Amino acid sequence: MDTTAMEPVQAYLTATGDRLRADGCEVRIEDWDGTPVLIGYRGDFRMRWMATKLHLFTIAAPTMRVTADVLEAFSTSAMDYVLARKGQLRGFQNGVAVLPALVGLEVEPAAAAWAQEKQRLKFAALARPVAVDARTGVAAAFRGSPTLGFIYAAHLRGKLDAYFPVA
């Protein structure tokens, strides 16, 4: 990859790491098959969530171009990662969520549409994929209130807005 061309992507990822830290997340960089991936984690407990704790992971990676297929595959990998770390806790009084984000120089319209369509669900686990155009700062993601997982909707919308602000 041309490092000069990727400067907007790296700048966006650095700023995202700063936003995660400012919100109290544990932040680290991991190597995923040669790609540095930004991982943020926080756990929140709320009585209004029926006395549950939500383990929220934000996983962001660089790419040249965000396509729907690549975003879907990355989201699946991110969900698998989260379930391997906190999935044994999910169910009664524990949930896990992930914001899998691909940050690129270009976002295909189909990728943005796929991200905005809905959140992806597994038992007591959900993902809200994010497709970010680093040049414009536009971050496409589902920011609605679904039927399943509705008790976390406002919280997740707030975290999406904080970590991936609408440009």
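Q: Which residues lie nearest the centre of the second largest pocket?
A: Gln-10, Leu-13, Thr-14, Ile-29 and Leu-38 lie nearest its centre, among 13 lining residues. A pocket here is an open set of points on a 1 Å grid over the protein atoms alone where a 1.4 Å probe fits, with protein on both sides within 12 Å along at least five of seven lines; lining residues have an atom within 4 Å of a point.

Q: What sort of model is this?
A: The model is predicted, with local features requiring pLDDT of at least 70 and side-chain atom pairs pLDDT 80 or more, while totals for chains, interfaces and linings use all residues. Residues are numbered from 1 along each chain as its sequence is written, and side-chain values use heavy atoms, without hydrogens or water.

Q: Which elements give two or more residues to the lining of that second largest pocket?
A: Helix 1 (7-22), strand 1 (26-32), strand 2 (35-46) and strand 3 do. Helix 1 gives the most, with five residues. Helices (H or I, at least four residues) and strands (E, at least two) are DSSP runs numbered from the N terminus.

Q: Moving on, where is Thr-63?
A: Thr-63 sits in the loop between strand 3 (52-62) and strand 4 (65-66).

Q: Is Thr-63 buried or exposed?
A: Thr-63 has a relative accessible area of 15%, so it counts as buried (under 20%; exposed is over 50%, partly exposed in between, with a 1.4 Å probe and protein chains only).

Q: What does Thr-63 touch?
A: Leaving aside residues up to four places away in sequence, Thr-63 touches Met-6, Val-9, Leu-102, Val-103, Gly-104 and Leu-105 (heavy atoms within 4.5 Å).
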